[in-house]
Amino acid sequence: MDPAGRASPPSLNAMRAFEAAARHGGYVAAAQELHVTPAAIGAQVKGLEAWLGRPLFHRRPNGLLLTAEGRAVLPSLTTAFDAMNHAVRVMRAVGRPRSLTLAALPCIAQLWLTPRLPDLQAAFDLDVAILTRDDPPDYARELVDLGLYFGDAAPDGCTSTVLARDDLFPVCAPSLAAGLRHPRDLSGTTLLHDSVWREDWPRWLARHGAGALRPAREAAFSLYGIALDAALAGHGVLIGHSALVGEALAAGRLVAPFGDRMVAGAPLRLIVPEGGEGGRLAGVIRWLGGGRAGGDCPDCRGTSD
């Protein structure tokens with residue numbers, strides 16, 4: 001009770017903890033989003049349940065299941081927090097108009113964005129923060145202005161512009177190319193690839209008649225940039241992503257020994273959260289979507305969904 005005898009409302013932290021746990025179906029992912037411990041999320045939810053006098057979750061060994069009461073209150077909380085997050089975005093745009101936060105795959109940040117960054121900052125006088133992440137952010141909840149990810153479509157609540165096609169094909173140092181005339185010749189080489197994209201080589205080999213091929217050895221890397229460095233050093237043949245190896249090919253540091261034998265991958269997209277196209281970053285979005293070098297796709301510049 002407050003001094004006037006009115007019932008105190010539940011805390012904002014408790015409501016946020018419940019909403020995040022309900023969205024993620026558990027305390028661990030909610031804790032990661034809110035930068036607290038799972039125990040703290042659990043304590044906040046229990047406090048909210050005590051205030052309500054009803055359980056909000058059924059606790060089960062494989063996760064949380066909303067009760068009828070939890071299902072009833074969740075939509076209004078989600079709407080409220082989405083509106084609050086939008087308000088925070090507006091406040092940041094007013095108070096920090098020169099700031100730009102980009103989320104990107106590490107390899108895209110390193111190989112596609114970094115070469116363009118000086119020109120981007122010079123063109124728009126921006127303070128840029130780059131968040132390298134394997135998994136895309138929650139654009140509705142995190143203070144991320146734009147995203148750079150491979151994908152066949154934009155996430156819910158976002159639009160996207162295709163920046164570059166991403167065709168898959170073998171690349172190697174010129175010193176290795178002379179011995180590679182047919183895909184079968186790869187049996188005597190080391191095949192390089194990103195450990196997350198382990199299906200790239202099987203897809204390409206199956207498409208080009210060498211599905212049963214067994215290479216001399218393989219080398220997997222947790223970062224595509226390191227795999228690219230190994231290819232540049234002549235340590236093996238990399239399954240190239242055209243959006244990422246275009247500059248090395250143009251400079252002659254890598255070659256594509258099998259020419260135009262490719263497999264189409266998901267294109268590189270610029271992800272724009274809802275409302276971002278017409279705001280302070282409209283010029284930046286147009287600039288990035290213009291396609292400037294290294295792996296850009298003239299046929300798909302400016303396409304969006």
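**Exercise 1. What pLDDT does the chain average, and what percentage of the residues score at least 70?**

Solution. The model is predicted, with local features needing pLDDT of at least 70 and side-chain atom pairs counting only at pLDDT 80 or more, while totals for chains, interfaces and linings use all residues. Residues are numbered from 1 along each chain as its sequence is written, and side-chain values use heavy atoms, with hydrogens and water left out. The chain averages a pLDDT (the predictor's confidence in each residue, from 0 to 100) of 87, and 91% of the residues score at least 70. Over residues 291-303, the pLDDT is below 50.

**Exercise 2. Describe how helix α1 and helix α2 cross.**

Solution. Helices here are DSSP runs of H or I with at least four residues, and strands are runs of E with at least two, numbered from the N terminus. The axes (lines fitted to C-alpha atoms over the stretch in contact, with angles from 0 to 180 degrees between N-to-C directions) of α1, residues 12-24, and α2, residues 27-34, come within 8 Å and cross at roughly 125 degrees. The two helices are therefore oblique to each other, given that under 35 degrees counts as roughly parallel, over 145 as roughly antiparallel, 65 to 115 as roughly perpendicular and the rest as oblique.

**Exercise 3. Classify the ring pair of phenylalanine 150 and tryptophan 197.**

Solution. Rings of Phe, Tyr and Trp (its six-membered ring) pair if their centres lie within 6.5 Å, with planes under 30 degrees apart stacked, over 60 edge-to-face and the rest tilted. At 5.8 Å centre to centre and 70 degrees between the planes, this aromatic pair is edge-to-face. Phenylalanine 150 lies in strand β5 and tryptophan 197 in the loop between β7 and α8, so the pair ties together parts 47 residues apart in sequence.

Definitions and conventions
Contact means heavy atoms within 4.5 Å.
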